Amino acid sequence: MAKVNPDFLPELKKYGGVDFSACYNCGNCTAICDLSTPEDSFPRMMVRASVVGLEDKITSSLDPWLCYYCGDCSTHCPRGANPGELMMALRRWLTAKYDWTGLSGLLYKYLPATILAFIATALAVIGLAAAYNFEIEPIMHFGHQFEFFAILAVFMVILVPNLIRMWYFLILKPKRKVSFSTYLKSFGELFVHMFTQKRTLGCDDSKTRWLEHLILVFGYLTLLFTTVILDWFHAENILIIALGYLVSAVVFVVTFLFVRGRASRSNENNKFSQPSDWLFVIWLFLLGFTAFCVRLFVDLNLIETNIWLYLVHMIVLVQWAVLIVPFGKWTHFLYRSFAMYFEKVLQTEKALEKK
């Protein structure tokens with residue numbers, strides 16, 4: 001029997017849910033959604049589950065991740081219940097649910113905790129620089145080593161266990177039977193969605209948004225490869241240097257467009273931005289912009305007399321790596337990709353059962 005939780009509604013509002021209790025179940029949101037199908041009928045079902053507080057139904061559902069938030073459902077909702085923003089709030093709530101550390105929920109719900117965490121990491125970087133007597137070369141060497149080990153640690157200690165928890169809520173706990181061979185056969189779907197987000201193209205007005213995201217994903221991943229693997233700040237190969245300039249510029253130009261769009265609130269999906277939404281786009285912009293400036297100062301032989309610039313870049317980098325990537329909006333990129341994979345797994349298993 002499903003458990004009803006009357007405290008779920010006020011809890012979900014802490015994650016950004018607005019006015020969804022105004023829903024009178026007309027189904028207009030589902031009818032207008034280009035991505036909703038008879039098999040995956042959303043967002044109406046998620047609105048009802050949220051109003052009643054059916055947590056188990058929500059945690060075992062892929063629906064929140066199947067929504068790409070074009071905003072049509074909210075625009076056409078006769079009650080102003082903002083189902084699109086509810087789906088966004090559910091993704092934040094699910095992110096907190098998957099996170100075994102509990103820090104995602106803390107940072108999503110309490111802005112002072114986020115501010116304190118950002119201040120603490122900034123002070124830690126400054127303290128580290130002081131320990132190196134503010135000498136640029138050992139600090140830059142540490143920064144390069146940090147990038148590599150931070151990626152490894154965050155992935156192995158935080159993200160892999162969280163993905164296992166996601167699998168537990170979606171497959172194991174609801175007792176869905178999936179063969180090992182189905183997991184293997186469907187694995188390609190994970191990478192297709194991770195790098196292309198092709199399902200976004202199902203939204204009528206999202207071609208430009210899809211292209212911007214595609215450019216940003218490849219720009220971000222290439223910048224990561226260039227700085228971590230190719231050691232861009234110390235590179236002398238002209239091709240590596242040029243590649244670093246190109247991809248860092250791509251990252252901060254595209255994210256500037258995202259920041260401008262979010263500030264204008266011209267689209268339905270930008271009207272209720274939460275602190276986590278702002279932090280994601282602003283810090284990604286700063287990551288690309290400060291990396292571009294650091295390399296420029298290296299090439300102009302100005303970095304030794306302007307160590308402050310590298311410290312600003314490193315503070316942004318550390319906050320991005322230890323706060324936003326494991327506990328913030330970056331995780332949506334990962335969980336949505338795995339949601340597409342799990343959907344393919346379940347569809348394949350269902351097709352096999354019918355044979």
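Residues are numbered from 1 along each chain as its sequence is written, and side-chain values use heavy atoms, without hydrogens and water. In this predicted model, local features need pLDDT of at least 70 and side-chain atom pairs count only at pLDDT 80 or more, while totals for chains, interfaces and linings use all residues.

**Pocket and cavities**

On a 1 Å grid over the protein atoms alone, a cavity is a set of points where a 1.4 Å probe fits but cannot get out; a pocket is an open set with protein on both sides within 12 Å along at least five of seven lines, and lining residues have an atom within 4 Å of a point. A volume is the space filled by probe spheres set on the points, which are joined across faces, edges and corners.

The largest pocket has a volume of about 1,200 Å³. Its lining comprises 42 residues, and those closest to the centre are Arg209, His213, Phe258, Arg262 and Lys329. Helix 7 (83-98), helix 13 (207-229), helix 14 (238-264), helix 15 (275-299) and helix 17 (330-354) each give two or more residues to this lining; helix 13 gives the most, with eight residues. Helices are DSSP runs (H or I, at least four residues), numbered from the N terminus.

There are three cavities of 30 Å³ or more. In the largest cavity, Cys33, Cys67, Tyr69, Cys70 and Cys73 lie nearest the centre among 15 lining residues. The second largest cavity has 14 lining residues, with Cys23, Cys26, Cys29, Cys77 and Ala81 nearest its centre; helix 2 and helix 3 (44-52) each supply at least two residues of that lining.

The table gives the linings by class; Ala, Val, Leu, Ile, Met, Phe, Trp, Tyr, Cys and Pro count as nonpolar, Asp, Glu, Lys and Arg as charged, and the others, Gly among them, as polar.

| Space | Volume | Lining by class |
|---|---|---|
| Largest pocket | about 1,200 Å³ | 17 nonpolar, 12 polar, 13 charged residues |
| Largest cavity | about 120 Å³ | 12 nonpolar, one polar, two charged residues |
| Second largest cavity | about 100 Å³ | nine nonpolar, three polar, two charged residues |

**Surface**

Val157 lies in helix 10 (residues 136-172) and has a relative accessible area of 46%. Val157 therefore counts as partly exposed, the class between buried (under 20%) and exposed (over 50%), with a 1.4 Å probe and protein chains only. Lys14, in the loop between helix 1 (8-13) and helix 2 (28-32), is also partly exposed, at 40% relative accessibility.
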